[in-house]
Structures are given as structure tokens and as C-alpha cells.
Amino acid sequence: MKSVLFLDEFFGINFVMDLIVVCVVAKCFAPELKRRYKLSAAFCGSMLSCVYVVFGGNGLIWQLVFHVLTGLVMAICLKNIKLFFALNVACAILAGVMNYVYFSGIFVRLIRSCLKNPMAVFAIATTISFFAVNVLVGKFLTFRDSCKAKIYKVSIILNNKNVQVEALLDTGNTLTEPISGKPVHVMEEHYVNELVGEKELTDLNLRLIPFHSIGKNNGIITGIIADSMVIHKEPDIFVEKPVIGIYKGSLSQGNSYSMLLNSSLR
């Protein structure tokens, strides 16, 4: 019994699958990637699939060579060879989801029993798989973002003077000012000196803030109340009358940040 393969349908199926894979990888690792690069990668991947079906062999070596070559060509089309590994992982995940949805999914099996057109069934299975993978990607991105150190540019204003620093959103900073209960943001002393200018710290309304840290059970840091603070993100966060704790020393190695934002800003 001979089977007939329609190259146009085969190309279309592979193009859709490759485009889903490319979009998933781009969403995770290259969100700024232009649409034309995604389309060209999916097109080249589909063309290579057609070439393999027509001219390739069935041996394991041929399949491996084709798989690696296709991944490399698609990564080159995306202008980032580092995405080669991600494309292969995404392809494996999508293939597993598609296999489950198409052959084991109750909903698709019901549709397959009602519809005689296999392309319509494939389109429905692909749509379901796309949404399933999109949910997985969303959970992955949420987890990845939660593990990342979040550093923002922050402007602190006091008496019409403004200093801008790099600030880390510190999930371990739960300091509060004991009288008002306001959250405390800790900043290196030399930035506070720039902010205060000629006005002595003793002339300001200072706060004494108790704290606990590793290696030191109890301690006191001095704090000031600034006029306002702006955390530059999307959208900007404005804080009125923030309490700024003064830290004598460096808060980070390599001066990657000079301020610790309170965890209440999460």
C-alpha cells in the first residue's frame, strides 16, 4: 500500500508548528525579535522538512543530521545562534503536548469522531496545544522573573535637590520606622550627603531605626524623611515622604546598586 504525501499540506503543517516553536522561544529569550525573523525561521525550517522528506533517508544518522541542521538554520534566521538549544527544547515540549492532545485528548478524540477532515482536526489540536504551551511559558516567565534581581533607577528628592541611584528591590528588607510604621529604604551614606548638601544631618528630622541582620542581632541605623521618591519602572512608582535609612559603607560588590528598596514595593 502506497501513501500519498501532499507537499503543500506538509509544508503548511510544519510552518505552523515551526512558527509556534519560534514564537515560544522568542517570548522567553528574545522578546524584541522582529516578526520577519520569526517568519523566515519558520519558513526555512518547513522548507528543510520538505527537502528531507523528498531526498532524505530513514536512518537514525540522517534524522540526527537533519534535526541539527534545521535547528542551526532557524537559529541563524533568528540572528542568534544561542537560541539553537532553546529551539530544540521547545520543539520537544510542543511535540509532546501535540502528541497528547491529538491522540489522548478527550476533546480532540470527540472532534475526530465527528469530523472527517484531518486538517480541521489538526487545526483544532494545534490551537489547543498553542494555548497549553502559552500557559506553560507564562508560568516559566513568572518563575524566572521572581528569581531575577530587580534593579531600578530611583530618584530621591529633598529640599529641591535630586539624586539618582541604582536600587535593588530587596525581598529581605522588611524594615519599618517604629513611630509611623512606614517602610524603610536603605541608601549608602555618600548619596545622602549629596542630597543633604550644606544642610547638616543634625538639622533634619532624624529617625532612629532598629534592625536585625545576619551576624548582628540588634542594631540602630539613622534615617531621614525625604520629600518624595520615584522608582523608574513601567509605570513609575511615586512615594511621598519616604523614610531613607543611612548605610555607612557599600551595599553591593562592584557597586551594581547603592540602595535597598523595601519589600513592601513588590
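Helix H2 covers residues 35–55 and has 21 residues. From its first C-alpha to its last, H2 reaches 30 Å, close to the 30 Å expected at 1.5 Å a residue. The expected span is 1.5 Å times one less than the number of residues in the helix. Helices (H or I, at least four residues) and strands (E, at least two) are DSSP runs, numbered from the N terminus. The model is predicted, with pLDDT of at least 70 needed for local features and 80 or more for side-chain atom pairs, while totals for chains, interfaces and linings use all residues. Residues are numbered from 1 along each chain as its sequence is written, and side-chain values use heavy atoms, leaving out hydrogens and water.

Several residues of H2 are buried: Lys38, Ala41, Ala42, Gly45, Ser46, Ser49, Cys50 and Tyr52. Buried means under 20% relative accessible area, exposed means over 50%, and partly exposed lies in between (1.4 Å probe, protein chains only). An α-helix has 3.6 residues a turn, so residues three or four places apart point the same way. The cover over the buried residues of H2 includes helix H1 (7–29) and H3.

Helix H3 spans residues 60–77 and contains Thr70. Thr70 counts as buried, at 9% relative accessibility. Leaving aside residues up to four places away in sequence, Thr70 touches Gly45 and Leu48. Such a contact means heavy atoms within 4.5 Å. Gly45 is itself one of the buried residues of H2.

H2 also takes part in a nonpolar surface patch, to which it gives the most, with 4 residues. The patch is made by Leu7, Val51, Val53, Val54 and Phe55 and comes to about 450 Å². Patches are made of residues with over 30% relative accessible area and no salt bridge; like charges are joined within 9 Å, and nonpolar side chains (Val, Leu, Ile, Met, Phe, Trp, Tyr) within 5 Å. Accessible areas come from the Shrake-Rupley method with a 1.4 Å probe, and for residues only the protein chains shown count as cover. Val51 lies in H2. At 42% relative accessibility, Val51 counts as partly exposed.

Strand E3 (residues 184–188) is largely enclosed by the rest of the structure, because 5 of its 5 residues are buried. Both faces of E3 are covered. Val184, Val186 and Glu188 lie on one side, and His185 and Met187 on the other. E3 pairs with strand E8 (residues 243–247) in the parallel sense, over 5 bridges. Strand E9 (residues 259–261) runs antiparallel to E3 and is joined to it by 2 bridges. Two strands pair if DSSP finds at least two bridges between them. Met187 has a bridge partner in each of these strands: Ile246 in E8 and Met259 in E9.

Helix H7 (residues 189–196) includes Val196. Val196 counts as buried, at 9% relative accessibility. Val196 and Ile224 are 28 residues apart in sequence, and their C-alpha atoms are 9.9 Å apart in space.

A salt bridge is a side-chain nitrogen of Lys or Arg within 4 Å of a carboxyl oxygen of Asp or Glu. The count by this rule comes to 3 salt bridges. One of them joins the side chains of Glu166 and Lys153, at 2.6 Å from N to O. Glu166 lies in strand E2 (residues 161–169) and Lys153 in strand E1 (residues 151–158), so the pair ties together parts 13 residues apart in sequence. Glu166 is partly exposed at 28% relative accessibility, and Lys153 is partly exposed at 42%.

Arg207 and Glu177 form another salt bridge, at 3.7 Å from N to O. This pair links distant parts of the chain, 30 residues apart: Arg207 is in strand E4 (residues 207–213), and Glu177 is in the loop between E2 and E3. Both Arg207 and Glu177 are buried.

A further salt bridge joins Lys241 to Asp227, with the closest N and O atoms 3.7 Å apart. Lys241 lies in the loop between strand E7 (237–240) and E8, and Asp227 in the loop between strand E5 (216–225) and strand E6 (228–232), so the pair ties together parts 14 residues apart in sequence. Lys241 is partly exposed, with a relative accessible area of 41%. Asp227 is partly exposed too, at 26%.

Overall, the protein has 7 helices and 9 strands. Of its 266 residues, 37% count as buried.
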